[in-house]
There are 2 protein chains.
Amino acid sequence: MKKYYFDHVATNPLHPAVLEAMMPYFGEKFGNPLSVYEYGSQAKDAIEDAREKVAGLVNAKPAEIIFTASGAEANNFALRGIALAKQNEGKHVLVSRMEHHSILNSARFLEKSGFAVTYLPVNKQGVVDPETVRKSITKETVLISVTHASSEVGTIEPIREIVKVAKEHNIIVHTDAVATTGNIPVDVQELGVDLLTMAAHQFYGPKGAGALYVKQGLRIVPLIYGGIQESGRRAGTENVPAIVGMGKAAEMATAELGQRMEYLRPLRDRLIEAMTGVPNVVLTGDRQNRLPGHASFCVEFIEGEAMLLLLAAKGIFSASGSACSSKALKASPVLLAMGIPSGLAQGSIVFSFGMGNAPEDVDNLLNEFPAVIKRLRDISPYAQGWGDREGGDSCTAKK
Amino acid sequence: MKKYYFDHVATNPLHPAVLEAMMPYFGEKFGNPLSVYEYGSQAKDAIEDAREKVAGLVNAKPAEIIFTASGAEANNFALRGIALAKQNEGKHVLVSRMEHHSILNSARFLEKSGFAVTYLPVNKQGVVDPETVRKSITKETVLISVTHASSEVGTIEPIREIVKVAKEHNIIVHTDAVATTGNIPVDVQELGVDLLTMAAHQFYGPKGAGALYVKQGLRIVPLIYGGIQESGRRAGTENVPAIVGMGKAAEMATAELGQRMEYLRPLRDRLIEAMTGVPNVVLTGDRQNRLPGHASFCVEFIEGEAMLLLLAAKGIFSASGSACSSKALKASPVLLAMGIPSGLAQGSIVFSFGMGNAPEDVDNLLNEFPAVIKRLRDISPYAQGWGDREGGDSCTAKK
């Protein structure tokens with residue numbers, strides 16, 4: 001059976017050229033970058049070359065890039081590292097309700113450590129209003145963290161405008177750009193952020209490689225203490241092959257970004273246009289400001305999980321909400337924050353396209369998905385009138 | 001020029017069979033383990049298979065293994081995670097002076113967070129006396145962390161005896177077994193420890209893969225918050241290929257452990273016997289209880305760095321102290337803790353053998369190393385009498 005992979009927000013296949021770049025570092029170039037002899041210096045040089053390429057992808061300086069093992073690590077590092085560095089200036093942090101669990105749960109850790117956290121509300125498209133940010137700032141606020149885009153609903157946030165508000169009060173801004181880096185233009189100068197999180201496997205690089213951009217001169221407390229790696233800011237023997245792969249993937253994304261966006265948008269748009277014509281299917285997230293390959297829906301009266309499984313049986317792979325919670329079987333906090341009733345939020349499904357998808361793959365999806373919806377609806381008690389008793393206005397509320 | 005790699009404590013080459021096991025996960029098996037469709041389940045199954053193999057290597061249960069990205073991460077996780085979980089019971093931690101920077105600097109972080117830390121002294125062989133542990137325990141002590149073996153001087157610590165003392169007071173014990181796991185028998189049941197750190201690249205596995213053994217039922221606060229990976233104890237998309245590689249390397253180490261030790265010990269012993277016959281060369285660490293492939297020395301009147309560079313020019317790669325600080329050009333805190341005067345500690349050099357080394361490689365080393373020492377001594381002002389003015393009794397103090 002042919003497989004259709006429409007879950008590129010969960011992870012991406014490794015680009016063959018990236019793997020090729022990594023291979024020597026699994027072989028003869030296996031040295032520890034801190035060693036003084038040639039195996040060490042060739043590993044060190046490879047890391048610094050990758051650092052330049054990753055910096056280039058987001059218009060940063062190489063010294064502003066700290067490699068981590070994941071986006072989650074970089075998010076923890078950013079929130080806790082800045083909160084600790086700034087705690088004598090204030091103990092209040094703002095995060096949005098659109099954030100990934102690695103931000104939200106880091107924020108909860110900060111609450112347990114004596115910080116106050118404000119969880120910024122969003123509108124029905126999942127957009128954080130910069131004016132809401134302004135009103136939430138207090139004299140104690142030391143950090144604002146808002147995602148660059150939500151991998152659940154695809155909405156791109158107005159980071160530049162949020163930074164403008166923050167900078168009136170001299171507050172540090174972090175953005176989780178895991179979903180955007182390598183997929184849309186990400187420019188730390190233009191955004192004006194102080195910290196930015198990336199993950200290589202979101203742009204055809206390897207798992208096990210992430211990075212945190214930290215603006216030059218900004219003090220951050222390490223998350224992982226130890227040796228002198230990453231200028232003493234992140235310890236642990238460097239995962240040289242993964243870092244090299246991240247560099248190669250960044251170089252390719254820099255070169256191909258426009259072409260990739262132009263390829264993916266029509267796939268997305270065709271799916272959105274076709275599916276929003278199906279009764280009781282609503283688009284989630286912003287229609288205009290959204291990730292190029294991202295189409296997310298809520299389908300009334302149906303569980304997302306059931307759709308995933310029936311589609312998977314046809315070789316079509318998609319997600320219901322964030323991969324990190326897809327097995328939790330709870331309504332997504334992001335969808336609830338957008339005002340979607342919990343019943344409707346249970347019917348969440350996300351299709352995310354990548355460069356391996358062909359236009360014909362969308363044809364196949366459009367052949368199968370409405371039939372899956374019909375089949376599940378035919379057996380749903382909610383679709384037969386019970387729906388009125390439980391969030392019956394959910395659909396209209398979203399239209 | 002032929003290369004002689006004698007720095008296996010810094011990192012090891014990846015075993016070709018390990019790379020072969022990893023390769024499918026860089027290719028068609030690229031899924032996110034949390035996804036519900038087959039790409040997800042095949043990745044999840046691969047991780048659980050690796051977890052069994054890693055558990056098998058140290059005689060733990062699979063559920064007691066938490067994968068991390070490095071030994072340093074696992075060490076940070078252990079110290080800070082237990083300290084936070086236990087802080088209501090007491091705020092005192094014991095660590096030895098033999099520890100890696102990832103333990104020592106985590107301990108310093110705990111000090112800044114309001115904990116008291118006692119740094120346990122060691123004897124001239126670098127051994128922590130269990131009686132010293134006993135005397136250092138207070139009513140506030142919640143955690144003891146002593147390395148299983150020092151990668152700098154090769155000494156294997158009496159962990160079992162330390163655990164015995166700790167358990168009289170119901171105190172949790174962690175050991176950093178990065179240098180030992182896969183290289184000597186490591187059995188969490190026999191040692192009796194509650195937590196144990198491993199790193200795959202120390203036993204021919206990949207960089208970017210480590211693990212923390214956490215005894216069943218023991219509560220630990222996460223270091224990296226986020227999704228539900230690793231039972232909610234360590235977030236971040238799993239580095240599936242690296243974890244698979246760690247599993248394969250663990251399986252091989254389990255099968256070949258005795259054979260590897262028998263192969264390495266004679267190489268080590270021959271080098272130690274020959275070099276301790278060279279004037280002004282002293283062995284560091286314990287002669288008997290030491291890592292099978294580990295030979296470390298201090299050479300009077302000579303800088304370790306100078307020896308490394310001259311040897312490297314002959315294709316012989318070794319280290320001076322811990323890789324994580326080898327560029328810091330300071331006398332090793334571990335050597336100083338063993339009572340080695342700072343002048344002599346500057347002359348530290350470590351040779352660590354691996355399965356890629358042949359007995360003839362030691363012949364070559366024995367041909368070259370004494371000549372390097374002679375050449376450096378001929379140009380050293382300290383060797384010509386100035387030594388008396390600066391720690392002149394250093395050599396005799398060590399003999």
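The model is predicted, so local features need pLDDT of at least 70 and side-chain atom pairs count only at pLDDT 80 or more, while totals for chains, interfaces and linings use all residues. Residues are numbered from 1 along each chain as its sequence is written, chains are lettered from A and ligands numbered from 1 in the order in which they are written, and side-chain values use heavy atoms, with hydrogens and water left out.

Let us start with the interface. In chain B, 61 residues are in contact with 61 residues of chain A (heavy atoms within 4.5 Å). About 5,200 Å² is buried between the two chains, and carbon and sulfur atoms give 66% of that area; buried area is the accessible area (1.4 Å probe) that two parts lose on being put together, summed over both.

Turning to specific pairs, there are 14 residue pairs in polar contact across the interface, both residues being at pLDDT 80 or more (N or O atoms within 3.5 Å; within protein, one must be able to donate a hydrogen and the other to accept it, and residues adjacent in sequence count only if both atoms are side-chain atoms). Chains B and A also share two salt bridges (a side-chain nitrogen of Lys or Arg within 4 Å of a carboxyl oxygen of Asp or Glu). Lys3(B) pairs in this way with Glu38(A), with the closest N and O atoms 3.0 Å apart.

Now for the cysteines. Over all chains the count is zero disulfides (cysteine sulfur atoms within 2.5 Å).

| Residue | Relative accessible area |
|---|---|
| Cys298(A) | 0% |
| Cys298(B) | 0% |

Technical notes: Buried means under 20% relative accessible area, exposed over 50%, partly exposed in between (1.4 Å probe, protein chains only).
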